[in-house]
Amino acid sequence: MSNTVKSIQLFFQEGASDKVYNATIVKDGDGYTVTCEWGRRGSSLQQGSKAVRVPLAAATKKFESLVREKTNKGYQAITEEVQPAAVAPPEGEGSGSKVTGKRARVGVKAQLAEAIDDEGALDRFLADDDIVAQQKLDGERVLVHVGSGDGLLVTNREGQKKAIDVAQFAGLSYLPHGTIVDGELLGSEYWLFDVLAFAGDDVKQRGYLERYEILDGEVEPALTGDMRILPVAVGKKAKQKLHDKLRAASAEGLIFKEREAPYTPGARGAAMRKFKFLKSADVVILENAGNAYLMAVYDGKKLFEVGKVFAGTTNASRKALDAALARGERPVCEVRYLYATDDHQLFQPVFVNTRDDKAAKACVRTQLVTTSRKVIVVA
């Protein structure tokens, strides 16, 4: 007899995306568990549990929430009438185009950074004279298009109009019409690190250092208020000095850019790389919280919750964690994270492995490292 109470199969096809998401409510001992599978269509799927041995009403609520979340993103249910195409349709003609309420793109998409995560690659980038470096900021990515008069159009990384008080960017108002700048909003300060057009002249195809010269020589003199230019480090010595200062200040990381590379909207590639200063911590797993595993550390004799982790887990590790939790155990795991917030919640945690060699009491709050969000100026 099947333990399945309810199930659904969903798919999303558009452009390079061809993926599926399956959700099922199953009878599990005295309760009900919501299981899910996801991944590229036709490949081995990832597996997980979103609610474990909960009452049927709670399992149904989680199941419906998952389905609603996916369909809001454009996923479609597989039925007799609706089936995935043999090949995903082109961008704008597939699942994503069926989403209602999606904001239109009114500006330029931001160029994105590709991640590098090993120290060997870091050393190569620091030594390469064809690559420059800047501080990686922990703010809000914003592009500003300067129009006629006092008109400013503020967009996000997708080129969509941003719901924000444009008065925050009044310090850009003296820039000539037809200027587009890219930067990061940190509190009230806007740190510019690129220019895509100046006075109607499209400069995206010029190399980065040439664009930075426009930013520093033409844009900077017109800035007022809290508008700033993010410094750039050129050459091995300057990059190493910036790296050392940022490490010492517990900053987020570095951005590397090829000095001759053009600005490619929406692209993520070798022209722009990011290296994050990751930290490591040992944590106690308290429960499968439905969408991730609840982590905690000891603050004296009491457990202090530090957030949830799901990234980095695999089918095998999730199965092992769920089995240990079902036995009443609280497994100890190592996680990497970008930083701990001021209230000691781990930001961007990634599961590494379980630590059978470490006692739960050794997972203490004092191991957590916060970060500095200030811009570090290297003299």
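What follows is a quick tour, from the whole chain down to single residues.

Mentor: Keep in mind that this is a predicted model.

Trainee: Noted. How many helices and strands are in the chain?
Mentor: The chain has five helices and 22 strands.

Trainee: What box do the C-alpha atoms fill?
Mentor: Roughly 75 × 55 × 35 Å, along the principal axes.

Trainee: And what share of the residues counts as buried?
Mentor: 44% of the 379 residues. The chain exposes about 19100 Å². Carbon and sulfur atoms supply 49% of that area.

Trainee: What about contacts between residues 24 or more positions apart?
Mentor: They make up 62% of the contacts with a separation of 6 or more.

Trainee: Charges next. How far apart are the mean positions of the positive and negative ones?
Mentor: They are 4 Å apart. The counts are 54 positive and 51 negative.

Trainee: On to sheets. What is the order of the five strands in the open sheet?
Mentor: E4-E3-E2-E1-E5, with antiparallel pairing. The edges are E4, residues 46–54, and E5, residues 76–77. Each of these edge strands pairs on one side only.

Trainee: Which helix packs on that sheet?
Mentor: Helix H5, residues 315–326. H5 touches E3 (31–40) and E4. Its direction makes about 15° with that of E4.

Trainee: How many bridges hold E1 and E5?
Mentor: Two bridges, in the antiparallel sense. E1 covers residues 4–14. Phenylalanine 11 has glutamine 76 in E5 as its bridge partner.

Trainee: Now the four-strand sheet. What is its order?
Mentor: E6-E15-E14-E7, an open sheet with mixed pairing. E6 and E7 have a single partner strand each, so one side of each has no neighbour in the sheet. The twist averages 35° from one strand to the next.

Trainee: How do E7 and E14 run, parallel or antiparallel?
Mentor: Antiparallel, joined by six bridges. Lysine 136 stands opposite glycine 253 in E14.

Trainee: Which strands does helix H2 lie across?
Mentor: H2, residues 119–127, lies across E6, E7, E14 and E15 (268–276). H2 runs at about 55° to E14. Helix H3 lies across E7 and E14, at about 55° to E7.

Trainee: Stay with H3. Which of its residues are buried?
Mentor: H3 spans residues 208–219. Its buried residues are Tyr208, Leu209, Arg211, Tyr212, Ile214, Leu215 and Val219.

Trainee: What covers them?
Mentor: The cover includes strands E7 (131–136), E11 (189–198), E13 (227–229) and E14 (253–258).

Trainee: Back to E6. Is alanine 115 buried or exposed?
Mentor: Alanine 115 is in E6, residues 112–116. Its relative accessible area is 54%, so alanine 115 counts as exposed, the cut-off being over 50%.

Trainee: New topic: E19. Mostly covered or mostly open?
Mentor: Mostly covered. E19 runs over residues 332–337, and five of its six residues are buried.

Trainee: Which bridges does E19 make with E16?
Mentor: Six, in the antiparallel sense, with E16 at residues 279–288. Valine 284 has valine 332 in E19 as its bridge partner. E19 is also joined to E22 (residues 350–354) by four bridges, again antiparallel. There, valine 335 stands opposite phenylalanine 351.

Trainee: Why does histidine 344 count as buried?
Mentor: Because its relative accessible area is 17%, and buried means under 20%.

Trainee: And glutamine 348: what is its phi?
Mentor: Near 55°, also positive in a residue other than glycine. Glutamine 348 lies in the loop between E21 and E22. Glutamine 348 is partly exposed, with a relative accessible area of 37%.

Note on methods
Residues numbered from 1 in each chain as written. Predicted model: local features only at pLDDT ≥ 70, side-chain atom pairs only at ≥ 80, totals over all residues. Heavy atoms only, no water. Pairing = 2+ DSSP bridges. Contact = heavy atoms within 4.5 Å. Axes fitted to C-alpha atoms, helices over the stretch in contact; angles between N-to-C directions. Buried < 20%, exposed > 50% of the residue type's maximum accessible area, 1.4 Å probe, protein only. Areas by Shrake-Rupley, 256 points an atom, 1.4 Å probe, with all protein chains shown as cover. Lys, Arg positive; Asp, Glu negative; His and termini not counted. Charge placed at Lys NZ, Arg CZ, Asp CG, Glu CD.
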